[in-house]
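Open the model in your viewer and keep the sequence panel beside it. We will go from stop to stop, selecting as we go.

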Amino acid sequence: MKLILQIVVVAGLGLLLALFLPWWSVAIAGVVGGLAFRRSLGGSFLGGFLGIFLLWTITALLILNATDSPLPDRVGQLMPLKMDGTGLAFFGAAIAGLVGGVASMAGRALRGK
């Protein structure tokens with residue numbers, strides 16, 4: 001139950017911060033999620049990672065479907081893995097999720113015992 005609540009809080013705060021701040025503001029949401037929930041370091045990482053990963057995946061797929069632009073597919077072809085726009089959305093979400101997870105672990109470590 002704490003995991004789901006942490007995911008929702010991190011994703012909601014990440015969405016709110018991303019409206020006004022640069023992309024790395026999701027780290028602030030991760031730190032707040034790590035501070036707010038008393039979980040293990042691994043559990044805190046998982047909550048922060050999943051919150052930001054789901055936020056970025058849903059946002060990227062909504063934008064990709066709404067614009068119907070060929071640009072993400074072309075950029076994906078430049079990558080060594082030759083991915084399409086959807087694969088590129090998951091790749092970017094995984095990187096943002098790592099930022100959120102590590103930030104959430106840092107927030108948990110700041111809290112101490």
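Where is the place of Asn65? Select Asn65 and look: it sits in helix α3, which covers residues 41-67. Bear in mind that this is a predicted model.

Is Asn65 buried or exposed? Asn65 is exposed, because its relative accessible area is 63% and exposed means over 50%. Asn65 and Leu15 are 50 residues apart along the chain, and their C-alpha atoms are separated by 19 Å.

Next, show α1 and α3 together. Two packed helices are described by the angle between their axes and the distance between the axes. Here the angle is about 45 degrees, and the axes lie 8 Å apart. That makes α1 oblique to α3. Turn the view to see the crossing: α1 passes α3 in a right-handed way.

Now select Phe20. Phe20 is in the loop between α1 (2-18) and α2 (26-36). Phe20 is exposed, with a relative accessible area of 69%.

Finally, zoom out to the whole chain. How many helices and strands does the protein chain have? Count 5 helices and 0 strands. Along the sequence the pattern reads α-α-α-α-α. The C-alpha atoms fill a box of roughly 50 × 25 × 25 Å along the principal axes. Of the 113 residues in the protein chain, 35% are buried.

Technical notes: Residues are numbered from 1 along each chain as its sequence is written. This is a predicted model: local features need pLDDT of at least 70, side-chain atom pairs count only at pLDDT 80 or more; totals for chains, interfaces and linings use all residues. Side-chain values use heavy atoms; hydrogens and water are left out. Helices (H or I, at least four residues) and strands (E, at least two) are DSSP runs, numbered from the N terminus. Buried means under 20% relative accessible area, exposed over 50%, partly exposed in between (1.4 Å probe, protein chains only). Axes are lines fitted to C-alpha atoms, for helices over the stretch in contact, and angles run from 0 to 180 degrees between N-to-C directions. Angles under 35 degrees count as roughly parallel, over 145 as roughly antiparallel, 65 to 115 as roughly perpendicular and the rest as oblique. A crossing is left-handed if the near helix is turned anticlockwise from the far one by less than a right angle, and right-handed if clockwise.
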